[in-house]
Amino acid sequence: MDLLVNSYTADGDDEPQNDAEGHNPDSSSPDSSPTRIALPSKSSAPKVDDTTLALAIANAHEKPIDPIHHVVPFNPTYDQLWAPIYGPAHPYAKDGIAQGMRNHKLGFVEDAAIEPFTFDEQYNTFHKYGYAADPSASAGNNYIGDLETLQKNDGISVYNIPQHEQKRRKIERRKELESEEKEDVDPKEVQNPATDTWLLKNKKSPWAGKKEGLQTELTEEQKKYAEEYAKKKAEEKGGAAEKGEFVADKSTFHGKEERDYQGRSWIAPPKDAKATNDHCYIPKRLVHTWSGHTKGVSAIRFFPKHGHLILSAGMDTKVKIWDVFNSGKCMRTYMGHSKAVRDISFCNDGTKFLTAGYDKNIKYWDTETGQVISTFSTGKIPYVVKLNPDDDKQNILLAGMSDKKIVQWDMNTGQITQEYDQHLGAVNTITFVDNNRRFVTSSDDKSLRVWEFGIPVVIKYISEPHMHSMPSISLHPNTNWLAAQSLDNQILIYSTRERFQLNKKKRFAGHIVAGYACQVNFSPDGRFVMSGDGEGKCWFWDWKSCKVFRTLKCHEGVCIGCEWHPLEQSKVATCGWDGLIKYWESGADFLFSYFQILEVQNMEKILEPETLAVLNCSFRPQDRSSWTNPIPAVYWKLVLSVDQHRRIPREDRTRAACL
């Protein structure tokens, strides 16, 4: 060890042999400590150029910060960071700010976390007094704006009222109370809560001041506002005509006289009109054609129970009513819509009817006089209108609208009493079932919904992936089934029982109705199903076998509507987009009339030769003014004998001669 120590000490040149305290380092005493070697110190911190740091600190207030640089080699102050940019202005940037630094049209805007109350307070204070606190300032007492007003108001905001202002308001309030006590007040008025005196004495709200008298004259601005407000309220309350397009209601009577010699109205049904047979036959012969509409006919309806008149809705904005039994002419035209008429519906006795047009109006007409009783509108297009079939609820109107709602009106008051809002598309049909306690609606959303009348909650929702829109639904005469015209060229049958199930065994197909709302209907005895199609044909199916029974080429274009006569069960009316209404009948009713003729007595009455010469001609059934085929005189004998006894209606007597 000593040799090692000596070798270390021998390496040093001119090293002192004694330390400061006079000890000998070469001493080999066992008590002496070993010699320590001095090693250089190490630091984990990175080396910093002291010269650069000293220069940066010295020139901190002179050297600006370039915003393009991402690294700052020194600790800048707040003023340096927010100092304006030095140097020449950017030629393509406003205010010397590069386009990349802009996030607002006025420059660069920073997000600041400010409470909504604080923001509203400063915003309203600035607009009222002209000053506000600066949110970007480091200290909270920095303000911007009108500093003179700031010093004058002691820096109050709109939400802070100074104490001297509060004292002033209290003094004014006391003076008002004292002045009111000095006034002579009737003690009865003080005790009556209905008087202003009681209100003034018992006021608790700080805003409940003395009531001012009514302003005698309004300014021009106030008058203008009052007129606009009154007009808006009038539109909301009852201006149904204002919501839809307004058209002056007009009606024209085309008959000879509105009342006969006995004082009966022209809409009165004939007394001898009754059902001649319970068995229905398929029509095959064209009897009459009504042509008066200048555009297509969208719907037809027979007069309820009797069918001596037929109502038609045209796309020429007109509604016409035609005579069926006698002259076959147009009796009255109703003009009250500015656009095409979509749907029509009679009331139970036929004295009134509803029309729905694309001008967004629903009108309730008097059939006899042609006057509009009332008009309804929601500002949407009505697609279907229906009255409640119950006799005691004939004042309730249901309308399926284009805004997916079924709206219910009370026509006596003109108010909307209920809205059924569940469909996802325009409502197309409304059909009452279950003794009129429920009704079924179909829509463009390809679903059926069943409602309790008066309750806007769906009790049955029918929607399947294979279903299509059903623009027409008809109720079977036995009220147990619904026939729905589906736009996939078939007629589906649904039960009206509790579950409203689809009858998969009954399906009527063969016709082309895709894209058209062709009406589906039943014969009065329920033996036949009838529908128009897009090719102008009228199709008849057997109810039991679901087979096609007959097709008639009725119209050029679409056959949109078809109606079975309520009394004469072998007669059908059709309408189409060619503007015509056609009346069809079967040959079986000729035979039935013939058998009636055979039962008449005095059939062997001798006819005059001149009469036979006139009657031995021919005649075309659809046009009685022309003659085509010879008719045996024996039939005319029978007809004339019946003519004398008046046992058979005149129309049937004439047609019996065609045999």
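How many of the 6 residues in strand 22 are buried? In this predicted model, 5 of them are, so strand 22 (residues 481-486) is mostly covered. Let's start with the whole chain and then visit some of its strands, loops and rings.

**The chain as a whole**

- The protein chain has 659 residues, and buried residues make up 37% of them.

**Strand 22 and its partners**

- On one side of the story is strand 21 (472-475), which runs antiparallel to strand 22 and is joined to it by 4 bridges.
- Within this pairing, Ser-472 stands opposite Gln-485 of strand 22.
- Strands 21 and 22 form a hairpin with 5 residues between them, and Thr-479 in the turn has a positive phi of about 60°.
- Strand 22 also pairs with strand 23 (residues 490-495), in the antiparallel sense and over 6 bridges.
- Here Ala-484 has Leu-492 in strand 23 as its bridge partner.
- Strands 22 and 23 form a hairpin too, with 3 residues between them; in its turn, Asn-489 has a positive phi of about 65°.
- When you look at any of these strands, remember that side chains in a regular strand alternate between the two faces of the sheet.

**Met-470, a buried loop residue**

- Met-470 is found in the loop between strand 20 (458-462) and strand 21.
- Is Met-470 buried or exposed? Its relative accessible area is 2%, and because buried means under 20%, Met-470 counts as buried.
- Leaving aside neighbours within four places in sequence, the residues in contact with Met-470 include Ala-484, Gln-485 and Ser-486.
- Leu-492, the bridge partner of Ala-484, is also in contact with Met-470.
- Other contacts of Met-470 include Asn-428, Thr-429, Ser-442, Ser-443, Leu-448 and Tyr-494.
- Met-470 and Ser-486 are 16 residues apart along the chain, yet their C-alpha atoms are separated by 4.6 Å.

- Four strands form an open sheet in the order 13-14-15-16, with antiparallel pairing.
- Strand 13 (382-387) and strand 16 (415-420) stand at the edges; each has a single partner strand, so one side of each lacks a neighbour in the sheet.
- From one strand to the next, the twist averages 25°.
- Strand 15 (residues 406-410) pairs with strand 16 over 5 bridges in the antiparallel sense.
- Trp-409 has Ile-416 in strand 16 as its bridge partner.

**Aromatic rings**

- How many aromatic pairs does a search of the whole structure find? There are 27.
- One of them joins Phe-376 and Trp-409 in a tilted arrangement, 5.6 Å centre to centre with 45° between the planes.
- This pair links distant parts of the chain, since Phe-376 is in strand 12 (residues 372-376) and Trp-409 is in strand 15, 33 residues apart.
- Phe-376 counts as buried at 3% relative accessibility, and Trp-409 is buried with a relative accessible area of 3%.
- Phe-439 and Trp-451 form a stacked pair, 6.4 Å centre to centre with 15° between the planes.
- Phe-439 lies in strand 18 (residues 438-443) and Trp-451 in strand 19 (residues 448-452), 12 residues apart; both residues are buried.
- Phe-303, Tyr-334, Phe-346, Phe-353 and Trp-365 form one aromatic cluster.

**Charged residues over rings**

- Arg-342 lies over the face of Tyr-383, at 4.7 Å from the ring centre.
- The charged end of Lys-506 sits over the ring of Trp-543, 4.6 Å from its centre.

**One more hairpin**

- Strand 27 (residues 537-542) and strand 28 (residues 548-553) run antiparallel and are joined by 5 bridges.
- Phe-540 stands opposite Arg-550 in strand 28.
- Strands 27 and 28 form a hairpin with 5 residues between them, and Cys-546 in the turn has a positive phi of about 65°.

Technical notes:
Residues numbered from 1 in each chain as written. Predicted model: local features only at pLDDT ≥ 70, side-chain atom pairs only at ≥ 80, totals over all residues. Heavy atoms only, no water. Buried < 20%, exposed > 50% of the residue type's maximum accessible area, 1.4 Å probe, protein only. Pairing = 2+ DSSP bridges. Helix = DSSP H or I, 4+ residues; strand = E, 2+ residues; numbered from the N terminus. Axes fitted to C-alpha atoms, helices over the stretch in contact; angles between N-to-C directions. Phe/Tyr/Trp six-rings, centres within 6.5 Å; stacked < 30°, edge-to-face > 60°. Lys NZ or Arg CZ within 6 Å of the ring centre and 35° of its normal. Contact = heavy atoms within 4.5 Å.
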